[in-house]
Amino acid sequence: WVAEQKQKQIEQEQKEWEEFVANNTKDLSAGEHSIGEHIEPGVYDVTFNGSGNFFAYDANDGLLINEIGGGSYGVPKYRAVLIDGGKIELSGVSATFTPAKRTLLPYQELELFTGYWVVGIDVSNGRYKATPLGSDSGNFFVFNDKGYPKTNEILGGDYGVSEVVVNLNDGDLIQLSSLTSVKFTPED
């Protein structure tokens with residue numbers, strides 16, 4: 001009986017999540033969009049239709065995201081945190097914003113795509129070696145739970161390091177920019 005009830009609960013949660021995604025996935029055209037009015041605040045996986053610029057701002061017009069999306073020079077996918085009262089600007093590109101199902105990834109080898117990731121919510125804490133996949137080059141930041149930078153590296157390419165070892169603690173924020181994908185390998 002307990003197993004049957006647990007299975008029903010899992011099925012109900014999955015159904016609710018699918019309804020939430022269907023109701024909150026947004027296709028946004030080039031232009032300006034208000035967070036809280038045109039799209040709900042939250043965490044989204046963004047895919048680009050075409051190639052262009054993607055900007056997101058907080059409620060005080062502070063720039064949070066400045067990324068080239070799509071095409072041969074941009075990233076194909078981005079993990080965005082959209083803050084109520086902020087805005088999104090898309091230039092030369094449209095994009096699909098799909099609510100992200102946040103699941104704590106275990107302490108094991110994993111890949112993260114461009115965007116924002118929270119240690120303790122998206123990624124398990126621990127010591128990792130981060131390496132770019134492919135020939136990408138971009139910015140690799142880790143901020144502590146107070147917002148101060150712990151790591152600031154150019155990762156990959158001719159001017160960056162080929163790998164960086166980081167100690168990730170709960171509450172740290174990982175920001176990847178211009179990198180299609182980064183592999184995180186547990187490091188002892």
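Okay, let's start with Leu 133: leaving aside residues up to four places away in sequence, Leu 133 touches Glu 111, Ser 181 and Lys 183. By contact I mean heavy atoms within 4.5 Å. Before I go on, this is a predicted model, where local features need pLDDT of at least 70 and side-chain atom pairs count only at pLDDT 80 or more, while totals for chains, interfaces and linings use all residues. Numbering runs from 1 along each chain as its sequence is written, and side-chain values use heavy atoms, with hydrogens and water left out.

Where does Leu 133 lie? Leu 133 is in the loop between β8 (126-132) and β9 (138-143). Helices (H or I, at least four residues) and strands (E, at least two) are DSSP runs, numbered from the N terminus. Leu 133 has a relative accessible area of 28%, so we call it partly exposed. The scheme is that buried means under 20% relative accessible area, exposed means over 50%, and partly exposed is in between, with a 1.4 Å probe and protein chains only.

Now hop over to Gln 175. From Leu 133 to Gln 175 we go 42 residues in sequence and 16 Å in space, C-alpha to C-alpha. Gln 175 belongs to strand β12 (residues 173-186). Its relative accessible area is 14%, so Gln 175 is buried. Leaving out residues up to four places away in sequence, Gln 175 touches several residues, among them Leu 64, Asn 139 and Phe 141. The Gln 175 side chain also makes a polar contact with the side chain of Tyr 116, at 3.3 Å. A polar contact is a pair of N or O atoms within 3.5 Å; within protein, one must be able to donate a hydrogen and the other to accept it, and residues adjacent in sequence count only if both atoms are side-chain atoms.

Let's look at the strands. Strand β8 runs antiparallel to strand β11 (residues 164-168), with 5 bridges joining them. Two strands pair if DSSP finds at least two bridges between them. In that pairing, Arg 127 stands opposite Asn 167 in β11.

Most residues other than glycine have a negative phi. The phi of Ser 178, though, is near 65°, a positive value in a residue other than glycine. Asp 61 isn't a glycine either, and it has a positive phi of about 65°. Asp 61 is in the loop between β3 (42-57) and β4 (63-69), and with 52% relative accessibility it counts as exposed.

The rule is a side-chain nitrogen of Lys or Arg within 4 Å of a carboxyl oxygen of Asp or Glu. One of them joins the side chains of Lys 87 and Asp 61 (4.0 Å, N to O). That pair links distant parts of the chain, with Lys 87 in strand β6 (residues 87-99) and Asp 61 in the β3-β4 loop, 26 residues apart. Lys 87 is at 19% relative accessibility, so it counts as buried. Zooming out, Glu 32, Asp 61, Lys 87 and Glu 89 are linked in a network of salt bridges.

Another one is between Asp 172 and Lys 150, whose closest N and O atoms are 2.6 Å apart. Here too distant parts of the chain are linked: Asp 172 is in the loop between β11 and β12, and Lys 150 is in strand β10 (residues 149-155), 22 residues away. Is Asp 172 buried or exposed? At 2% relative accessibility, Asp 172 is buried, whereas Lys 150, at 34%, is partly exposed.

Last topic: rings. Lys 87 comes back here, lying over the face of Tyr 57, 5.2 Å from the ring centre. To count, NZ of Lys or CZ of Arg must be within 6 Å of the ring centre and within 35 degrees of the ring normal. As for rings with rings, the whole structure has 10 aromatic pairs. The cut-offs: rings of Phe, Tyr and Trp (its six-membered ring) pair if their centres lie within 6.5 Å, with planes under 30 degrees apart stacked, over 60 edge-to-face and the rest tilted. Phe 113 and Trp 117 are both buried. And finally, ring pairs tie Tyr 44, Phe 48, Phe 54, Tyr 78 and Phe 97 into a cluster.
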